[in-house]
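The paragraphs below go through one model, from a single loop residue to the sheet and the helices packed around it. Please keep the sequence and the coordinates open while reading.

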Amino acid sequence: MHMLVSALALISAEPGFAQAAAIPPAKPIKMVVLGDSLSAGYGLPAPAAFPERLKVSLQTNGIRVDMINAGVSGDTSSGGRDRLDWSVPDGTEAVIVELGANDALRGTDPAVTRAALSEILTRLKARKIAVLLCGMVAPPNYGSDYSARFNAIYPDLAKSFGVPLYPFFLQGVAADTRLNQADGMHPTAEGVDVIVRNMLPTVEAFLGSISGQRS
């Protein structure tokens, strides 16, 4: 009896202890980055790829994620759509979609890119998986009309599907020789860190909305 009273006294004197014991740590958010070589980590060691660097930055800020790098070099939006079901496993809660750069480089009809991305968003929404869409910008060599049609895809889809948009995945890195590999298109490890740093507030807000829905 004396031991029981002592234990109760300890708990009442240490409310933080009782609260910590009652609230288990939140489960990591299951997250997939569905993308092409820009997110896959082309030319880089695996730990330097975007998904892994993002995971590290999120964990540093107290956000735990189980991360899958579903980036495939050379993939188009249509390719991402075609492999969607096996690239995004059951139980996934959040997907960052980073597709379209190869479409733009190849001069793919923007209507084809729009249709593929729209199907990806439709299918993920049907699975109740949250999406953060990353925008791309067409190179100038196909002319202003092509660029206008292509660049409009991302804000249009973000608005119509009600998903958050990060306007340009390569913001702060594109065309900067110091942050790109010799091909001038793929970010170096330092470039990846710039992308992560620029995107982090958007990703944290995105994941915060998921955590809010869990509770």
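In which loop does Lys128 lie? Lys128 belongs to the loop between α8 and β4, where helices (H or I, at least four residues) and strands (E, at least two) are DSSP runs, numbered from the N terminus. The model is a predicted one, in which local features need pLDDT of at least 70 and side-chain atom pairs count only at pLDDT 80 or more, while totals for chains, interfaces and linings use all residues. Residues are numbered from 1 along each chain as its sequence is written, and side-chain values use heavy atoms, with hydrogens and water left out.

Lys128 has a phi near 60 degrees, which is a positive value in a residue other than glycine. With a relative accessibility of 73%, Lys128 counts as exposed; the cut-offs are under 20% relative accessible area for buried, over 50% for exposed, and partly exposed in between (1.4 Å probe, protein chains only). Ala175, in the loop between β5 and α11 (189-214), also shows a positive phi in a residue other than glycine, here near 70 degrees. Ala175 counts as exposed because its relative accessibility is 76%.

For the chain as a whole, the secondary structure comes to 11 helices and five strands. Of its 215 residues, 45% count as buried. Contact means heavy atoms within 4.5 Å. Among contacts between residues at least 6 apart in sequence, 78% join residues at least 24 apart.

The five strands form an open sheet in the order β2-β1-β3-β4-β5, with parallel pairing; two strands pair if DSSP finds at least two bridges between them. The edge strands are β2 (65-71) and β5, each of which pairs on one side only. Strands of a sheet pair through backbone hydrogen bonds, either parallel or antiparallel.

Strand β5 (residues 165-166) runs parallel to β4 and is joined to it by two bridges. Here Cys134 stands opposite Tyr166 of β5.

Helix α4 (residues 50-60) lies across β1 (29-35), β2 and β3, and runs at about 165 degrees to β2. Axes are lines fitted to C-alpha atoms, for helices over the stretch in contact, and angles run from 0 to 180 degrees between N-to-C directions. Helix α8 also packs on the sheet, where it touches β1, β3 and β4, and its direction makes about 180 degrees with that of β3.

Helix α8 (residues 110-126) has a helix neighbour too: it packs with α9 (residues 144-151) at an angle of about 10 degrees, the axes being 9 Å apart. That angle makes α8 roughly parallel to α9; angles under 35 degrees count as roughly parallel, over 145 as roughly antiparallel, 65 to 115 as roughly perpendicular and the rest as oblique. On the α8 side the contact is made by Pro110, Ala111, Thr113 and Arg114, and on the α9 side by Tyr146, Arg149 and Phe150. These residues divide into four nonpolar, one polar and two charged, where Ala, Val, Leu, Ile, Met, Phe, Trp, Tyr, Cys and Pro count as nonpolar, Asp, Glu, Lys and Arg as charged, and the others, Gly among them, as polar.

The next packing is between α9 and helix α10 (residues 153-161), at an angle of about 20 degrees and with axes 5 Å apart. These two helices are therefore roughly parallel. Arg149, Phe150 and Asn151 of α9 meet Ile153, Tyr154 and Pro155 of α10.

Two further loop residues complete the tour. Is Thr92 buried or exposed? Thr92, in the loop between α6 (84-87) and β3 (94-98), counts as buried because its relative accessibility is 9%. A polar atom of its side chain lies 2.7 Å from the backbone oxygen of Pro89. Leaving out residues up to four places away in sequence, Thr92 touches Lys30, Val32 and Ile129. Asn141, by contrast, is exposed, with a relative accessible area of 60%, and sits in the loop between β4 and α9. Its C-alpha atom is separated by 9.2 Å from that of Leu105, 36 residues apart along the chain.

How values were computed. Polar contact = N/O pair within 3.5 Å; in protein donor to acceptor, adjacent residues only side chain to side chain.
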